[in-house]
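Welcome, and please open the model in your viewer. We will go from stop to stop, selecting a few residues each time.

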Amino acid sequence: QVRLVESGGGLVQPGGSLNLSCEASGTFFTISGMAWHRQVPGKPRELVALVTGIPTAEYAESVKGRFTISTDNVKTVTLQMTSLKPDDTAIYYCTMSVQTRQYFPFTDFWGQGTQVTVSS
């Protein structure tokens, strides 16, 4: 069974920085497409950043120039967040598209979420 474990959330003042990390555990063949989403209660979940195996990174307009997604191309994805704003407050989730066995279809897995709060 594949499990994604996130770490690095917390409370930070506006203008500050945080690094989120997500690591896949369990048995799998390969991973392609890793991403970070965030959600504020009462609002739709938002795609923040994604990285493919090329690698190519894409970002939501609201975080471009402030957030950086990176991966070891094996089982870890990180999100470096700088110049944080109160509007960045949300629960952040990592996702990975995982092929559990060779020739099996890819399945999307989600982490449990980590709270990021930007407040003075």
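One definition before the first selection: buried means under 20% relative accessible area, exposed over 50%, and partly exposed in between, computed with a 1.4 Å probe on protein chains only. You are looking at a predicted model, in which local features need pLDDT of at least 70, side-chain atom pairs count only at pLDDT 80 or more, and totals for chains, interfaces and linings use all residues. Residues are numbered from 1 along each chain as its sequence is written, and side-chain values use heavy atoms, with hydrogens and water left out.

**Stop 1: a charged network**

Select Arg 38, Glu 46, Arg 66 and Asp 88, which are linked in a network of salt bridges. A salt bridge here is a side-chain nitrogen of Lys or Arg within 4 Å of a carboxyl oxygen of Asp or Glu. The structure holds 5 of them.

Begin with Arg 38 and Glu 46, whose closest N and O atoms are 2.8 Å apart.

Next, follow Arg 38 to Asp 88, where the N to O distance is 2.9 Å. Strands, like helices, are DSSP runs numbered from the N terminus (strands: E, at least two residues; helices: H or I, at least four).

Now move from Asp 88 to Arg 66, again a salt bridge, at 2.8 Å from N to O. Arg 66 sits in the loop between strand 6 (57-59) and strand 7, 22 residues from Asp 88. Asp 88 has a relative accessible area of 2% and is buried; Arg 66, at 10%, is buried too.

**Stop 2**

Colour strand 9 (90-99). Because 9 of its 10 residues are buried, strand 9 is largely enclosed by the rest of the structure. Two strands pair if DSSP finds at least two bridges between them.

- Strand 4 pairs with strand 9 in the antiparallel sense over 9 bridges; select Thr 30 and its bridge partner Gln 99.
- Strand 10 is joined to strand 9 by 5 antiparallel bridges; here Gln 99 partners Phe 106.
- Strand 11 runs antiparallel to strand 9, with 3 bridges; look for Ile 91 and Gln 115.

**Stop 3: the nonpolar core**

A nonpolar core is a set of buried Ala, Val, Leu, Ile, Met, Phe, Trp, Tyr and Cys residues joined through side-chain atoms within 4.5 Å. Which residues have the most contacts inside the largest one? Select Trp 36, Val 77, Leu 79, Met 81, Tyr 92 and Met 96, in a core of 29 residues. Strand 9 gives the most to this core, with 5 residues.

Centre on Val 77. Leaving aside neighbours within four places in sequence, its contacts (heavy atoms within 4.5 Å) include Cys 22, Trp 36, Cys 94 and Met 96.

**Stop 4: two positive phi values**

Most residues other than glycine have a negative phi. Asn 73 has phi near 60 degrees, in the loop between strand 7 and strand 8, and is partly exposed at 47%. Finish at Tyr 103, in the hairpin of strand 9 and strand 10, with 6 residues between the strands and a phi near 75 degrees. Tyr 103 is exposed, at 73% relative accessibility.
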